[in-house]
Amino acid sequence: MFFCSFYSPLQVVKAIEKAIPIPRVQPIALDGPAREELKAMEAQKVEIDRTAALQVRRELWLGLAYLVVQTAGFMRLTFWELSWDVMEPICFYVTSMYFMAGYTFFLRTKKEPSFEGFFESRFAAKQKRLMHARDFDLRRYDELRRACGLPVVRTPTSPCRPSSSSSLSSTQESHCHSYCHCQ
C-alpha cells in the first residue's frame with residue numbers, strides 16, 4: 001500500500017533551518033547612530049565615485065585627442081610629405097602595437113579590451129586610490145551595510161552599472177552619467 005503525506009510550507013522551512021543554520025541579524029533602527037554614520041559614508045562614497053568617473057572620463061577624452069592628432073599627422077605624412085608606400089608599413093606597425101596593448105590589457109585585467117572594459121578598469125583603480133587618499137574605511141562601510149540589512153558589494157562598482165549599493169532607500173533615483181548606457 002502506498003502512503004503519501006504532504007507538508008506545509010512552514011514545516012519545510014523549519015526543516016531547512018535545522019539543516020542549514022541561518023544567522024539572524026536584526027537591522028539597525030532607522031534613526032540609529034550607525035544608520036547616520038552609514039548615510040555619511042554613502043555620501044562620501046558617492047563623491048568618490050563621481051570624482052573617479054570624472055578623472056577616467058578626462059583620460060578617455062585625452063585618448064581621443066591623441067588619436068585625432070595621430071590620424072591628422074599620418075594623413076599629413078601620407079598625402080603631403082611622404083607617400084602611401086612609405087606610410088603603409090608605419091601604419092601597420094602602429095596598428096599592431098595597439099593590438100598588443102589591447103591584448104596586454106586583457107592579460108592584466110581579465111576584462112574585454114573595449115572602451116567599457118577600459119573605463120571599468122580605470123574607474124576601479126581611481127576609486128581605490130581616492131578611497132585610500134580620503135581615508136574611506138571600506139571595511140567599516142561594509143560592516144554598516146551588513147548591520148543595516150543592506151547587501152555588501154564586494155567589487156568596485158562602475159557608475160554605469162546599476163547596483164543596490166548606490167542608495168539607502170528605493171525612492172532615491174539613480175544618477176545617469178552621459179558616458180553610461182543607462183536603460
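## Confidence and aromatic pairs

In this predicted model, the mean pLDDT (the predictor's confidence in each residue, from 0 to 100) is lowest in helix α1 (residues 9-19), at 79, and highest in helix α3 (residues 84-109), at 94; helices are DSSP runs of H or I with at least four residues, numbered from the N terminus. The chain as a whole averages a pLDDT of 80, and 75% of its residues score at least 70. Over residues 163-183 the pLDDT stays under 50, and for this stretch the model has 28 contacts beyond four places in sequence, a contact being heavy atoms within 4.5 Å.

Residues are numbered from 1 along each chain as its sequence is written. Local features need pLDDT of at least 70 and side-chain atom pairs count only at pLDDT 80 or more, while totals for chains, interfaces and linings use all residues, and side-chain values use heavy atoms, leaving out hydrogens and water.

The whole structure holds 5 aromatic pairs, where rings of Phe, Tyr and Trp (its six-membered ring) pair if their centres lie within 6.5 Å, with planes under 30 degrees apart counted as stacked, over 60 as edge-to-face and the rest as tilted. Two of them are set out here.

| Pair | Centre to centre | Angle between planes | Class |
|---|---|---|---|
| Phe99 and Tyr103 | 6.4 Å | 25° | stacked |
| Phe136 and Tyr141 | 5.4 Å | 55° | tilted |

Phe99 and Tyr103 are separated by about one helical turn, because they stand 4 residues apart in helix α3. Phe99 is exposed, with a relative accessible area of 60%, whereas Tyr103, at 48%, is partly exposed; buried means under 20%, exposed over 50% and partly exposed in between (1.4 Å probe, protein chains only). Phe136 and Tyr141 are both buried.

Key:
Helices (H or I, at least four residues) and strands (E, at least two) are DSSP runs, numbered from the N terminus.
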